[in-house]
Amino acid sequence: MNQNGFSTGEEDSRGPLDKICCLQEDGFRCQRQAGNASYSKKIRNTVRQLKLHLDAVARHIYICDHHKNMIQSARTLKPSSQDETPEVDFSQLQMNTLRRYKRHFKVATKPSMNKAQMAEALLNHFKTISVNEKEALTFFIYTIKTNGNKLDQKNGNNNSDTPS
Ligand SMILES: [Zn+2]
């Protein structure tokens, strides 16, 4: 028995090439050729969830690649992720960051605004932005390639934090 309970087939070259998969699907024995992956207690629950059964008459516990992939993807499947837009708390950002945001998007804020008010104003602006995925990805890759920051480049790389 291998240690992790689920062989990927990479490490075991002694696969029984003449055997068919030991699993039953819908009461019928799988007719695919068994690979190097084998059934184990670790995948038992997944096998059950997929309505597969270990064939009692099978004299080995090797499973086919089709079922191996099926079990693997079922095991790595994450619980349905939330598709909601993440809440952004602008008040958690530093004032410098808020100013940079304000400058970049030319958001109109009153000079008398305190940080909380400014954060709220910028957040309201933020919610109105629609993300252009292609553009965002292009900028992202560009930024990584040039090892720079789009905002810095746009502002001529100066570090002045004086509000414009
Ligand atoms: Zn199979």
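Modeller: Two strands pair if DSSP finds at least two bridges between them. This is a predicted model, in which local features need pLDDT of at least 70, side-chain atom pairs count only at pLDDT 80 or more, and totals for chains, interfaces and linings use all residues. Residues are numbered from 1 along each chain as its sequence is written.

Colleague: What makes β1 and β2 a pair?

Modeller: Strand β1 (residues 23–25) is joined to β2 by two bridges, and the strands run antiparallel. Gln24 has Arg29 of β2 as its bridge partner.

Colleague: Which strands are the edges of the sheet?

Modeller: The open sheet has three strands in the order β2-β1-β4, with antiparallel pairing. β2 (28–29) and β4 (52–54) are the edge strands, since each pairs on one side only.

Colleague: Why are α3 and α4 called oblique to each other?

Modeller: Helix α3 (residues 95–105) and helix α4 (residues 115–128) pack at about 40°, their axes 11 Å apart. Angles under 35 degrees count as roughly parallel, over 145 as roughly antiparallel, 65 to 115 as roughly perpendicular and the rest as oblique; α3 and α4 are therefore oblique.

Colleague: Which residues make the contact?

Modeller: With contact meaning C-beta atoms, placed from the backbone, within 7 Å, α3 contributes Met95, Leu98, Tyr101, Lys102 and Phe105, and α4 contributes Lys115, Met118, Ala119, Leu122 and His125.

Colleague: Where is confidence lowest and where highest?

Modeller: By pLDDT, the predictor's confidence in each residue from 0 to 100, helix α6 (residues 150–154) is lowest, at a mean of 54, and strand β5 (residues 62–64) highest, at 95. The chain averages 78, and 73% of the residues score at least 70.

Methods:
Axes fitted to C-alpha atoms, helices over the stretch in contact; angles between N-to-C directions. Helix = DSSP H or I, 4+ residues; strand = E, 2+ residues; numbered from the N terminus. Contact = placed C-beta atoms within 7 Å.
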